[in-house]
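Please consult the sequence and the structure shown here alongside the text.

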Amino acid sequence: MKKTGGELIVEALKANGVERVSCVPGESYLAVLDALRDSGIETLVCRQEGGAAMMADAWGRLTGKPGICMVTRGPGATNATAGLHIAKQDSIPMILFIGQVGRDMREREAFQEVEYRRAFTEFAKWVGEIDDARRIPEFVTRAFAVATSGRPGPVVLSLPEDMLVDEVEAPAAKAAMPVEAHPGPSQIERLGEMLATAKRPIAILGGTRWTKKAVSEFEEFANRWKLPIGCSFRRQMLFDHLNTSYAGDVGIGINPALSREIKEADLVLLIGGRFSEMPSSSYTLLDVPYPSQTLVHVYPDPSELGRVYRPDLAICAAPVEFVGALKALKAPEQPIWAARTEAMHAAYLSWSTPPTQGPGPVRMGPIMDWIEANTAEDTIFTNGAGNYATWVHRFHRFRDFATQAAPTSGSMGYGLPAAVAAKALHPDREVICFAGDGCFMMHGQEFATAIRYDLPIIVCLVNNGIYGTIRMHQEREYPGRVSATDLTNPDFAAFARAYGGHGETVEATEDFAPAFERARASGKPSIIEIKLDPEAITPMKTLTQIREKT
């Protein structure tokens with residue numbers, strides 16, 4: 001039976017278990033949109049392609065399965081690169097389908113033409129263009145395999161619009177088979193020997209390809225061994241922060257006590273992450289290329305093992321397979337580092353206790369305390385980038401897997417689209433987006449998407465009227481010479497109401513709790529604008545202190 005290219009694309013998505021796609025429509029892939037109409041796949045129509053791609057990233061981040069995004073050619077595709085870059089740096093499985101000019105018009109710089117195999121190579125693991133509709137099952141199956149195997153990441157498939165209306169006979173699509181690498185018994189045995197002789201070990205969890213079961217099993221391993229555990233930048237959801245083995249966040253603004261412990265460790269076990277610039281404190285926690293600590297690096301892609309750091313033991317395996325193999329290791333009755341682990345957890349608890357004071361009538365410390373006491377353990381927190389995010393990363397104590405969606409690439413504008421995706425994925429769980437005023441306005445239009453699909457997210461919008469992170473650096477490097485960092489903002493509560501949502505304005509600390517409860521009770525997508533004094537630039541320092549280097 002002959003089918004159009006558009007129908008074959010949708011059939012291949014269904015064969016691979018796709019339940020929803022995010023998109024901005026375009027005439028270049030009308031045949032796919034038509035096939036989606038009766039497919040049973042939910043289509044979330046977004047307001048800008050960058051937001052649509054970020055939603056796909058969030059689905060991939062929270063599920064481990066490729067998030068699917070569809071955009072039109074040229075401007076649509078280039079807008080989507082913001083989300084592609086996040087997925088690439090964060091190792092998130094994602095597939096971006098791009099409508100393309102007709103095959104008979106290529107290489108003429110036709111309307112909105114881009115040669116994606118040349119232009120998008122830096123943003124994706126693989127960029128392909130499907131010239132023959134009969135090969136759609138082959139290309140899509142490969143896209144799923146590439147996106148999820150080894151180090152996960154985004155894939156781009158370009159779809160010439162005339163190819164999508166071709167009627168052809170093609171084999172029925174089948175689901176891609178994931179490729180898994182398992183640690184060898186000798187490697188696990190060697191790891192056991194290294195742990196047995198260590199005096200100051202630490203494990204640092206990061207990356208993707210984790211599951212709830214693997215996180216739980218590794219927690220059991222850490223408890224048996226009384227091993228101190230850190231979580232890499234914006235991967236805090238990989239370990240329960242109130243577990244007595246938890247030592248803290250290994251990311252931007254790391255606890256100096258934890259930094260010292262990593263530098264003075266005699267064994268560092270990296271699991272799942274690359275330990276790139278942000279978690280490594282600009283490559284200072286481990287020497288490059290030869291760390292002074294004994295290093296065991298566990299990663300699912302062999303090309304990353306030894307790329308930056310030469311490990312003493314390299315294990316090519318995804319976290320799930322590695323953690324499963326750890327059951328073979330018998331822990332000592334009383335590890336000699338047990339007291340050190342307890343002390344590191346106590347240091348974390350002290351470090352993650354919010355300050356009660358600060359400049360201005362709104363103090364974020366008590367607000368974070370209230371959020372901690374009044375949200376469930378499975379609440380999903382999303383954010384983009386900016387100094388405001390420190391309040392979440394440092395002071396929210398993550399308890400459960402798949403409760404965090406934040407870009408390790410430091411991309412602004414991510415939090416709102418991610419919250420929309422998270423709520424669509426988990427309608428029964430509360431989703432809280434933290435955003436700054438600069439960050440929110442990057443993709444604030446996606447609040448309309450939350451309204452359209454009745455996704456009652458709560459946005460805590462920290463408004464200090466500046467690009468805060470840049471102002472902080474500016475005051476440090478060029479004291480008193482303010483340039484290009486002041487902002488003019490709308491009334492964000494009115495903005496929410498204009499879209500049909502719920503809006504609140506918080507101008508004093510005590511206003512926050514009742515504002516949040518009203519937002520929660522409204523059952524609508526909500527924005528709580530928190531008017532923060534720009535002097536409150538970090539939890540512990542004011543802008544004046546940074547400017548005066550005090």
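The points below are grouped by topic, after a note on the model.

The model is predicted, with local features requiring pLDDT of at least 70 and side-chain atom pairs counted only at pLDDT 80 or more, while totals for chains, interfaces and linings use all residues. Residues are numbered from 1 along each chain as its sequence is written, and side-chain values use heavy atoms, with hydrogens and water left out.

**Helix α19**

- Helix α19 spans residues 492-499, and Phe492, Ala493, Phe495 and Ala496 are buried in it (buried means under 20% relative accessible area, with a 1.4 Å probe and protein chains only; helices are DSSP runs of H or I with at least four residues, strands are E runs of at least two, both numbered from the N terminus).
- The buried residues of α19 line one face of the helix, because they fall within an arc of 155 degrees when seen down its axis (the arc is taken from the directions from the helix axis to the C-beta atoms).
- The cover over these buried residues includes α16 (437-440), α17 (447-452), β18 (458-463), β19 (502-506) and β20 (526-531).
- At the N-terminal end, α19 is capped by Asp491, with a side-chain oxygen 3.1 Å from the backbone nitrogen of Ala493.
- Gly500 follows α19 and has a positive phi, near 100 degrees.

**Cavity**

- A search of the whole structure finds 1 cavity of 30 Å³ or more (a set of points on a 1 Å grid over the protein atoms alone where a 1.4 Å probe fits but cannot get out; lining residues have an atom within 4 Å of a point).
- The largest cavity holds about 40 Å³ of space, and its lining includes Ile204, Ser232 and Phe275.
- Strands β9 (201-205) and β12 (267-271) each supply at least two residues of that lining.

**Second largest pocket**

- The second largest pocket has a volume of about 900 Å³ (a pocket is an open set with protein on both sides within 12 Å along at least five of seven lines).
- Its lining comprises 41 residues, and Thr63, Gly64, Lys65, Pro66 and Thr148 lie nearest its centre.
- Helix α3 gives the most to this lining, with 5 residues.

**Thr538**

- Thr538 is placed in the loop between β20 and α21 (543-547).
- A polar atom of the Thr538 side chain lies 2.8 Å from the backbone nitrogen of Lys541.
- Beyond its neighbours within four places in sequence, Thr538 is in contact with Asn387, Met472 and Ile546 (contact means heavy atoms within 4.5 Å).

Technical notes
Buried means under 20% relative accessible area, exposed over 50%, partly exposed in between (1.4 Å probe, protein chains only). A polar contact is a pair of N or O atoms within 3.5 Å; within protein, one must be able to donate a hydrogen and the other to accept it, and residues adjacent in sequence count only if both atoms are side-chain atoms. Grid points are joined across faces, edges and corners, and a volume is the space filled by probe spheres set on the points.
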